[in-house]
Amino acid sequence: MSKINIKIEGISYEVEAGMTILEAAKACGYEIPSLCAFNHGECSKGSCRVCLVEATGARGLVAACVYPVAEGMEITISSPKATSARRTSVELLLSNHNKNCQQCDKNGKCELLHVAKITGARDDMYVGEQTPTTFDQISPSIVRDTSKCILCGRCVERCKNAHGLGILGFEKRGFNTIVAPAEDRSFAKSPCILCGQCVSVCPTGALMEASEIDRVDEAMKAGKYVVVQTAPAVRAALGEEFDMPIGTLVTGKMVSALKRLGFKKVFDTNFGADLTIMEEASELLDRIENNGKLPMITSCSPGWVNYAEYQYGDLLPHLSSCKSPHQMFGAILKSYYCEKNGIDPKDMFVVSIMPCTAKKFEKERPELSVNGLADVDAVLTTRELAKLIKRSGINFVKLPDSEFDTDIVGEYTGAGVIFGTTGGVMEAALRTAAYKLTGEELAKVELNEVRGFAGIKEASYTLAGKEIKVAVAHGMRNAKVLLDQIRAGNSPYHFIEIMGCPGGCIAGGGQPYVKPCFLPNEDADILDTFREKRAKALYSEDASKALRASHKNPQIIALYENYLEKPNSHKAHELLHTTYQTREKYTK
Ligand code: SF4
Ligand code: SF4
Ligand code: SF4
Ligand code: FES
């Protein structure tokens, strides 16, 4: 990239040609307020006018997020004209905004409030008519409140970039414009896969997860036997909510906090992940040996399952019939665990802490229940857990470490931990499939070919003389490539891992927001690196475990010996497997 010379606030800098003023200023250490611009131009509509600056060669003020730098350009951020214009832009946004900040779940992480503060904008400067609004709370995963929307378009672009889906768009015209699924439908009545990627980029409270904190409170007050399980990705990100650096592993503090919050038992979903691998690896080998439907595709990401049901109903027989790890664990807790401990399963209330908004929908599926009892009763996101901890006055950073409960279930191997990142399920499954096929442990359990963040990863392994070809995709835009191959009848693979969110669960739609304006001490390019940092934390926990393959988990071995008999047994199918259904793309 060629370099050019510019001045910002009278000081000379050399910057890359082709940058916008906003990018150049950021690279030189200046903060220009911005709202609609996001992530290296992932969204750059120039619509909010919060980034206005003066620049030589331009007529009047320019939007820094879309205006490119030019040789010799002099940029002024701090002139009275620019600061006053930016303040007015924010005041105009606030004039058409439902400003109930105290009741708003986004308070504390709201970028509109942040720019109001740094521009000195008043919320009562302009008073007038407000755009008619929609409040959509039908979906169990996401709430959409257009009274908080600033029409920045970030969600629209994220849905397109991550999935090629374009669920959200600008509906209606002029002053009545809102952001919504087509025809202002509910998320629940559109082919939205409920992944929450749009939620994770929304700067305001217009898109939020549907909170289940009150349901958990009620179950505790009602004297239920409330137990909790936590997904692997949660421990790699929860610390960020307490100002710890991205990628800090907070497993022990998280367990301590959950115990203080009053949960009767604190389990690790990784036990469920080990169980999933036992079932999934057996299912794969059975399909390979008995001419079953191949490639087999993983089924632990409910966002991906939703996508398959809406868009690729003809390929549903390719999905593994395994429930996802937290659902498997819930089913085992309400059967085996209750039986062994004399607990009435009707009294047990299972809470899952997940990095995912789609899991809130998943747990409501009628097929994910046993004897009329849902496997899991409530799902809280990582962000909701942080809220619970903060509300309770717990000083998270100062908490000592505690251990998960592991009385008869809950122990886990390194294979379970890496489920939280793209490629992890594949690596874990291959560790066990290799043992089942060859009778020997892999000499090297790290399968680097399926690690990393390439959109599609491929590998081939020869096990007991058989060549097993595998592929890994994350985000539906990448998954579509592999699915279209299957549809066309030319997929070379035996086994495919698909995760709904780009990067896998570590970057799920329920994880802490990664917004550079709230992370002053992180790298400038944090949006490029946060996935790697969180994934590294999980790989480090895997490396630290003495047992790193699911079939070596002693409690899983005992569970089969004492209860399930063997992987894919009749009992295992009753408790641990599920079915899928083609869904209409639009439901009236
Ligand atoms: S979105 Fe932000 S400004 Fe709007 S009510 Fe919520 S916290 Fe306040
Ligand atoms: S939840 Fe996912 S699929 Fe649905 S609108 Fe948001 S980004 Fe798109
Ligand atoms: S819903 Fe959020 S991300 Fe989408 S346009 Fe509105 S404010 Fe922007
Ligand atoms: S951030 Fe530049 S116009 Fe919105």
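Two strands are said to pair when DSSP finds at least two bridges between them. With that criterion in place, I would like to present this model, which is predicted.

Three strands form an open sheet in the order 6-7-10, and their pairing is antiparallel. Strand 6, residues 135-136, and strand 10, residues 207-209, are the edge strands; each has a single partner strand, so one side of each is left without a neighbour in the sheet. Strand 6 and strand 7, the latter covering residues 142-145, run antiparallel and are joined by 2 bridges. In one pairing, aspartate 136 has arginine 144 of strand 7 as its bridge partner.

Let me turn to the ligands, starting with ligand 2. Which residues are closest to ligand 2? They are Cys159, Ile167, Cys192, Cys195 and Cys198, within a surrounding set of 14 residues. Two elements contribute two or more residues each to this shell, namely helix 4, residues 154-163, and helix 5, residues 197-201. Helix 4 supplies the largest share, with 3 residues. Sorted by class, the shell of ligand 2 comprises 10 nonpolar, 3 polar and 1 charged residues.

I now move to the chain as a whole. The assignment divides the chain into domain 1, residues 3-94, domain 2, residues 97-209, and domain 3, residues 214-576. Between the centres of domain 1 and domain 3, taken over C-alpha atoms, the separation is 43 Å.

In secondary structure, the chain has 19 helices and 20 strands. Its radius of gyration is 25 Å, close to the 25 Å that the globule rule gives for 588 residues, so the chain is as compact as a globular protein of that length. Along the principal axes, the C-alpha atoms fill a box of roughly 75 × 55 × 50 Å.

Two further figures describe the packing. Of the 588 residues in the chain, 51% are buried. Among contacts between residues at least 6 apart in sequence, 75% join residues at least 24 apart.

Notes
Residues are numbered from 1 along each chain as its sequence is written. Chains are lettered from A and ligands numbered from 1 in the order in which they are written. This is a predicted model: local features need pLDDT of at least 70, side-chain atom pairs count only at pLDDT 80 or more; totals for chains, interfaces and linings use all residues. A residue is near a molecule or strand if its C-beta atom, placed from the backbone, lies within 6 Å of it. Helices (H or I, at least four residues) and strands (E, at least two) are DSSP runs, numbered from the N terminus. Ala, Val, Leu, Ile, Met, Phe, Trp, Tyr, Cys and Pro count as nonpolar, Asp, Glu, Lys and Arg as charged, and the others, Gly among them, as polar. Domain bounds come from an automatic or database domain assignment. The radius of gyration is taken over C-alpha atoms; the globule rule is 2.2 Å times the number of residues to the power 0.38. A residue is buried if 20 or more other C-beta atoms lie within 10 Å of its own, exposed if 12 or fewer, and partly exposed in between; C-beta atoms are placed from the backbone. Two residues are in contact if their C-beta atoms, placed from the backbone, lie within 7 Å.
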